[in-house]
Every structure is written in C-alpha cells, then in structure tokens.
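Subject: Structure handover

Hello,

Here is the structure for you to look over. My notes follow below it.

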Amino acid sequence: MKFKVDNNDVFASTGGRPFDKKKPLIIFVHGSGLTHMTWVLQTRYFAFHGYNALAVDLPGHGLSGGESLKSIEEMADWVSAVIDAVGHKEASLVGHSQGCLVTVECTSRYPDKIKTLSLMGGAGAIPMNPQLLSLAENNDPKAVDLMMDWAHGPAGHFGGHPVPGLYHINTGTMLAKSRTIQNTLGVDFRACDNYKNGFEAAKKIKCPTLSILATDDKMCPVIEGKKLAALIEGSQIDIIDNCGHMMLLEEADRVLTVLKKFITNNYPPLSS
Amino acid sequence: MSDKKKELKPNTYKFDTLSLHAGYQPHKNAGSRQVPIYQTTSYLFDDVDHAAALFNLERGGHIYSRISNPTVGVLEERVASLEGGTAALATSSGMSAIFLAVMTLCEAGDHLVVSSQLYGGTVNLFRLTLPKFGIKCTFVKPRDTEGFKKAIQKNTKGIFGELVGNPGNEIMNMPEIAKIAHEAGIPLMVDATYQTPYLCKPFEHGADIVIHSLTKWMAGHGSSMAGILVEGGKFDWMQNDKFPTMTKPYEGYHGLSFAEEFGPTAFTMKARAEGMRDFGPCLSPQNAWNVLQGIETLSVRMKKHCSNAEEMVKYLMNHESVAWVSHPSVPDHPDHELAKKLLPNGRGSMIAFGIKGGKEAGVAFINNVKLASHLANVGDTRTLVIHPASGTHSQMDEATLKFAGLSHDMIRLSVGIEDIEDIKNDFEVGFRAARKPRLVSNQ
C-alpha cells in the first residue's frame, strides 16, 4: 500500500492482504540499504493471521519516495509517524540490524505507542568498518558484496533458501543495488556509525521485548545482542545456531516460529 | 610490520566451488555428503496451519513435487548462483523452460520479437504454436541489431534469442539488444544453452531472463532431459503498465502482486506458483540429481570441450573436403570480436561446417564416421554430428531454412572431450567416404 508521511510517498507491503484498521498493527523495519522484501517470509504469515503486517520501505529505499533519512533518531520519529499515517494509535515493532537501532530508539521515544519490540540481529551500537563505510559512501558496489559476505553465516553462503529456487546472496545483492548505493547504503551506514544512544534508549524500554540472535552473526555478534538485551527489563533472548546475520532468510522458519509465539502472546491478533 | 591496511575483499564462494556446493547444506540432510534424491510426490504438513501457510506462500517449503522438490531445489539454487541470478526454476526440458518463460510473461494479444536463428523446435514453438495461444512473434536476424528495435510494437512483451544461434553460430549483440529492450521497457530473454555460465553470464551483459536446456553441457553426459529459467532480478516490472499479471493483484493467490511482494524474484515466483501449478512441466528428482553430477565438473569439461573445438576448427579449415567453417574463434567469423567480449573463457564447442559435395557428401560423411555419434543432441561429453537440413531442422520448408541461415551442405558438430587425435582420425574416415562418390563420378 502507499500513503504519505511528511508529504513523501511511503510504500509498505501488507503481506498480500488488504489493510484493515480493525486489526492490530505490526511494523517491520528493514536493515541498511535493503527493502521491505527482506521480510516476505514473516509478513505474509501475520497478514493471514489477524494482523496488519506493514513491511515499510524507509524513505529513499525500495518503492518509497523522498530522500534517505540521515540519522537513526529521524528514522525512529518516522516510524512513529507511520503509525499515525495509517490511522493507528499503537503498534508492535520488528527490526532487523539497523532496523533494531531504529525500533529501539522509537520504542524509547514513544513508550505508549509501542506494545512489543522484536529485534533480529540487533546491538546497542553498530560501528561501521571505515573501509566499508567509505566504499558505500563512494557508491562502490563492492560495499554491497562485502555486506552480503559478512551478513551470511558459513551455512548461508551455500544457499539453502527456504523458498525453493531462490538464492540468498544474489537476491540480497539485487535489493541493495536496486537504488543508488551511496544514497541508501551509504547514508544508512553513516547513520548507524553515528548513533550512540542505543544503550541509553534500551534502559527506557518497558514493553515485552524479544531478541533473536545468531551464533555466526559477524555484523552484530551474539555478545553485542546480549549486552543490549540485558539493559531491557524482562527481555527474552532466542539464539539460533549455525546461522548468520540474515537470520530472517537463513533460518526463516525458526524466526517465524519464535516471532509468532512472542507476538501472539503479547499482542494478540484480531480473532476471526 | 607495514601499517598499510589490508584491502577488504568479499569472500563469497567462486564458480568452481559453487558448482560443487551451492544450494545444499549437508547438516540439514542427515549429514549426507551427496545431495539426496527426494523420490517423493508430496510432503507432510505439520498441521492445518502449516499447510495453509505453504499454500498461501506465507512460508517456504514443499507441497507437491510438481511445484517443487528438495533435490530439484538444490539444482535451481546452484544454477542461480552460477549465473549470478536471484532465483531459478527447473523444468522437464529446455523447451518447457522456454514455454514457461513465455507464458509467465505474455497473454493472448501480446507480441514477442525473436531472433531467427534458433533450434528448429524453438522456431516452431514461436512460429506455429504460440500463435494458437494468441501470442504473435516477429523474427529478426540475430546480427540485425536495429531490426530488433524496429520490430518492437506497443504490445511487445519481450525479446528472445539464442546468444549463439543454432546451428549457424551467429551471435546476438546482447549488450546492444538489451539496451533496446530496456529502452522499450521490456525484458531480454536469452537462451544460453551453448555457453553455460562458465563461458558467459548473460546477466552481466544486460539479459533479464536466462534459459538453458540443461540436457546439454550442464548435465553434459547425454543422460537426462532438463531445462531451467533463471532470473537476473534487475528488471523493474512496475516501471510501466505492460505487465499487469506481474504487478496487479492475482486472483489465484488472494490478490497477491508478485512484483510488489517478491521484487527481484517475482518472475520465478510467478512461473512456479502459476506455471508449474497449471502446466506442470516438472523435473524429476532423479534427473535433477543427474544434472547436478554434471555441473560438479562443468568448468573442467568446458575447458576441454573448448580446447578440442579450437583444434577441430584448425583441422577443418585446412581440410581439402571442407568448403567453409563457422565458429566464433575463426578470425573472419563476422562475430569474432563480439565473441571475444561475450565469451572470454572460450568460444564454445559447436562448429558448423560445409562439406564439399553438398548434401550427398554430407550424408556419406555422417553414415561413415564411427566415433562421432549421429544423433539429435548437442553438448554430450562425446562428439556428435548431424546434418541439420535432414535432421533437427527437417520440419522447416525451403524458405524457412534459408531465413534460418541453413544450407544443405552444413554439418553441425558438437565437439566432445575424447582424445583430439581420435576425433580427427574418425573424421578422416568420414571425409574419405564423402569424397568417394565424387571421385567415382569424376572418372
């Protein structure tokens, strides 16, 4: 579906079901340089099971208009504005990687609006490798290739996509190269590198929170995810073995099973 | 110690490694080092919710082997990885892959621009069968790059061609034709069977959909029929209103828009969800496994195919019984320079040559070679020969043969990986027999 935030067009996938204001809202926030399509193996399930599942394209990404937002704080405010724009008062948030920084910040800023928080491959801070940051800011496609390498665990490098016939690494590469690299990945990486408020924001979060971490995650290692989770009261952790940072694709079924249980228990769907 | 920082390099697996490993994780398959053959029609659902989720494309997995199968899935991922594609869909043959690609793209009333130099079966599909579905085609000679542009109509939904035409070895100027297609907002579909991804990766030159008859060099051993279509993931289906079946809500899946939901894999998702469901040209798991065995040695075999082919080109060019030789490695081949650019790892192992003495000599040659096999296939490990005018293209009339660039003296040679001296010796026997009737008539 398309709607406006700050006079810019926003695209959000609804998981293949029409948007229905009566249903509770879950917003999925993608990682650096990516789009709503990374969530396809999670959103469609929730959309068919009593929720409005909105996988947004951040401004300047995927099918959304406008320019990429330059800070995690701006992105957090934008997510809150999305909730207003679609006519809801509250939502459950799910973030991946950079999307975790955004959703943590958003939840700390708008505690009354956010009912549950699910973090995948999250950390309190995501400092960027200077070379990688420079490559992305200089529009070098090598930045995408490096990201895809590091984002997939050793098992994920062999493929084994849950959807028959799809090949992870090339699909991710195409998503990240679908718009100008320096305007998406470059801006996102800089925003991640600049963001320093993650641990302080985490301390303010009181809603039910789940962190899904992966043993082979090089970008946000388990130890960093645990540090963040330790600051969030009552936070739950689920650790996936033999999986990298792209757990939402590498171990999509496991992620969906954990997410489904957590969200339905803490933020029930509209019963049919 | 130097304080110079080490340059970062991606460590994703490279071609030879992907040929052996892509698409398969042993730890998820009882530790089986080989890819298991999942010889089953169907798959247990955990519960009703799980079944519904699979049917609604809410989660990945297998339902019924007509739609997908784990062994076939490994093959699909492996080929997608080797081509640099986002997704692939294997079919029962190369022809069914072409048909599925066209039916995923087109509806009745649509039009395609098609290269005229194609395998005879493909010509008949585009010329005679697709019009029965209301899909019309305009044929353009593969070297007539501007001709592709001129042939595009308002209802044109794509351009199709064999990168190197069968059997005349004419090469499409893929980068230029891709530009023409993209300026018109339509995809370029390329049959790259003759090249395999070892010799050419068409996505790097602008193609959007790549098709292979896996029966040929990919499987490589003449044992199994299989085809595949591979998606590049760059084509924007939403850039215009030409592809409503990709962009508009699809009734068959609760109003799903394939382009919105699946983006760089939308074409493959639609081909599977709609095409495999409705037409059902599925690949058997046994044949998928056979093809996987072939792909494990693809680069090793292709090197030998190409080096043997170049030796045969030299041999044929200097032979008294040969009137002409067509192979992109020949310096005066019209596409010699283009071939250097598009096929840097080798120019392929298909040679066309004209035998002195015309059709009669050609028949004598084919009937007398003993090592080379006379059959309707290419890309076997063994050397194969055929006389196209009386074999693969025999269903064409005289005018169509001429338009397809075929002549009665043409022999199509698919060079195998036998010892090169044995192939040459065998050809000497064939050429002697081919000269014999002429020698007799000259006396």
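Two strands pair if DSSP finds at least two bridges between them. Helices (H or I, at least four residues) and strands (E, at least two) are DSSP runs, numbered from the N terminus. This is a predicted model: local features need pLDDT of at least 70, side-chain atom pairs count only at pLDDT 80 or more, and totals for chains, interfaces and linings use all residues. Residues are numbered from 1 along each chain as its sequence is written, chains are lettered from A and ligands numbered from 1 in the order in which they are written, and side-chain values use heavy atoms, with hydrogens and water left out.

Chain B, strand β12

β12(B) covers residues 410-414. It pairs antiparallel with β11 (residues 384-386) of chain B over three bridges. There, B:I386 stands opposite B:R412. β12(B) also pairs antiparallel with β9 (residues 350-355) of chain B, over five bridges. In that pairing B:F353 faces B:I411.

Five of the five residues of β12(B) are buried (under 20% relative accessible area; exposed is over 50%, partly exposed in between; 1.4 Å probe, protein chains only). In a regular strand the side chains alternate between the two faces of the sheet. Here both faces are covered: B:M410, B:R412 and B:S414 are buried on one side, B:I411 and B:L413 on the other.

Chain B, two helices

α3 (residues 70-83) and α12 (residues 285-296) of chain B pack at about 35°, with axes 8 Å apart. Axes are lines fitted to C-alpha atoms, for helices over the stretch in contact, and angles run from 0 to 180 degrees between N-to-C directions. Contact means heavy atoms within 4.5 Å. Residues of α3(B) in the contact include B:V72, B:L75 and B:V79; those of α12(B) include B:W289 and B:L292.

Chain B, B:E170

B:E170 sits in the loop between β4 (156-162) and α7 (174-183) of chain B. B:E170 is buried, at 16% relative accessible area. Among its contacts, not counting residues up to four places away in sequence, are B:R143 and B:D335.

Chain A, the sheet

Chain A has an open sheet of eight strands, ordered β1-β2-β4-β3-β5-β6-β7-β8, with mixed pairing. β1 (2-5) and β8 (236-240) of chain A stand at the edges with a single partner strand each, so one side of each has no neighbour in the sheet. Neighbouring strands are turned by 25° against each other on average, direction ignored. β1(A) pairs antiparallel with β2 (residues 8-13) of chain A over four bridges, and A:K4 stands opposite A:D9.

Best wishes
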